[in-house]
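Please look through the structure below with its sequence at hand.

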Amino acid sequence: AEGGEPVRVTDHDHLNMSPQWLGDSGHLLFVSDRDGPRRVYAVEVGPDGPRGPPGSVSGASDPHTISVSADGRKLAFSKFTTRQNIWSIPVPGSGQVSVRAATPITMGNQVIETHSLSPDRQWIAYDSDIRGGFDLYRMPLEGGTPQLIVDIAGTMYSPIWSPDGTEFAFYGQPHGAAHSDVFVVPAAGGAPKQKQLTEFPGIDGYPDWSPDGLVIAFTSQGPEGLDRFTLWTVSRDSLGGRWSEPAQLHDTPCGYPDWAPDGESLICHAVADLVRVSRGGEVLARLVTSSTVARPRSPVFSPDGSRIYFHGVQEDGSQGIWWIALEGGSPTKVVVVDDPAVMLLGNLTVDLERLYFTLAEYASDIWVMDLDW
């Protein structure tokens, strides 16, 4: 309390959060996923750090956060239920449709952030924390049992099918790694084909394939691991060839790159607007949406390349999905999020007939239990 050097109590390989002192000021309770699903753990702490390994506390299943009473005899914990699944809706021919008209693609108590369709439009790939940490799955669009794409210890996100359907690009943080990198694996499953495609000290993520399958664009904090995310690429001369070292495409702060169907440009979102960048790194256009949408996110090209769809938030906090013409102009709202029980999150996937997006439904309760120690 008087200052000095901090002393590490837990490791950096797992989620460790919500620390609470017991009444003796010699033990800490905290929430961790060190053994799988979240549990409460207790560890004895001295001036030099932990005195022995943490032990689990029975009774509090899947806690989100915890609080200990002043006398150390009662523990309050919150249980947080997240249903963040993929939904779909037909692309409106004109006018607006309500998100209430969407149909679910996945179901369950899980968090899904990103997704992509197979080139034949028969499968959808996505990331999910259904097993505790984030893994990569694929599932037939008409329904069925999700299949694990690749089993790598750690957290993996954003599986993106290659244009020929033979590979997946994704990003993740393998167990024991200090940062996330971009990987490629065979679509048939298995270990990464080679070492990760990036090795920067910060976060590399949200990869997207060029239509010819020879370039992967992604966002990165670069070799210095700075806070600002910019566009980078790795490339190869032929399918199955060796990947190049990462190269910065442009220094404009931008995220969530998506290739145009002709492969000549990419779209990404800046702080308040959308930016279209050429394959060679030239800024072709800034599509101003801020007069209508304060925070545009996750832009994607329509299959014919004439429109750019994105989801965003307006100044009044309302959400929706819009499109804007390739040459700019006023955005057109096509999906209205008018259900107060859901939030629109994650990326968009667009094909000829349907829009795919992630809707989140949250619920929580507080429980109290006696502590015996």
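Strands β12 (residues 133-140) and β13 run antiparallel and are joined by 3 bridges. Within this pairing, Arg138 stands opposite Gln147 in β13. The model is a predicted one. Both strands belong to an open sheet of 4 strands, in the order β10-β11-β12-β13, with antiparallel pairing. At its edges are β10 (115-117) and β13 (147-150), each of which pairs on one side only. On average, neighbouring strands of this sheet are turned by 40° against each other, direction ignored.

Strand β25 (residues 295-301) runs antiparallel to β26, and 5 bridges join the two.

The hairpin of β26 and β27 has 5 residues between its strands, and in it Gly317 has a positive phi near 90°. Why is strand β26 described as largely enclosed by the rest of the structure? Of the 7 residues in β26 (residues 307-313), 6 are buried, so the strand is largely enclosed. Buried here stands for under 20% relative accessible area.

The next topic is charge. Side chains of opposite charge can pair when their charged atoms come close. In this model the count of salt bridges comes to 8. One of them joins the side chains of Asp11 and Arg34, at 3.8 Å from N to O. Asp11 lies in the segment before β1 (16-21) and Arg34 in the loop between β2 (27-32) and β3 (39-46), so this pair ties together parts that are 23 residues apart in sequence. Asp11 is partly exposed, with a relative accessible area of 26%, and Arg34 also counts as partly exposed, at 25%.

Another salt bridge is found between the side chains of Arg131 and Asp151, at 3.0 Å from N to O. Here Arg131 comes from strand β11 (residues 123-131) and Asp151 from the loop between β13 and β14 (154-161), so the pair ties together parts that are 20 residues apart in sequence. Arg131 counts as partly exposed at 46% relative accessibility, whereas Asp151, at 57%, counts as exposed.

A salt bridge also links Asp212 and Arg279, whose closest N and O atoms are 2.9 Å apart. This pair links distant parts of the chain, 67 residues apart: Asp212 is in the loop between β17 (204-209) and β18 (215-220), and Arg279 is in the loop between β23 (274-278) and β24 (283-287). Asp212 is partly exposed at 35% relative accessibility, and Arg279 is partly exposed at 31%. Salt bridges with shared partners also join Arg131, Asp135 and Asp151 into one network.

The surface has a nonpolar feature as well. Which residues make the nonpolar surface patch of about 270 Å²? The patch is made by Phe80, Met343 and Tyr362. Of these, Phe80 is placed in strand β7 (residues 74-90), and this residue is partly exposed, with a relative accessible area of 33%.

Conventions: Residues numbered from 1 in each chain as written. Predicted model: local features only at pLDDT ≥ 70, side-chain atom pairs only at ≥ 80, totals over all residues. Heavy atoms only, no water. Patch = residues over 30% accessible without salt bridge, like charges linked within 9 Å, V, L, I, M, F, W, Y side chains within 5 Å. Areas by Shrake-Rupley, 256 points an atom, 1.4 Å probe, with all protein chains shown as cover. Salt bridge = Lys/Arg side-chain N within 4 Å of Asp/Glu carboxyl O. Buried < 20%, exposed > 50% of the residue type's maximum accessible area, 1.4 Å probe, protein only. Pairing = 2+ DSSP bridges. Axes fitted to C-alpha atoms, helices over the stretch in contact; angles between N-to-C directions.
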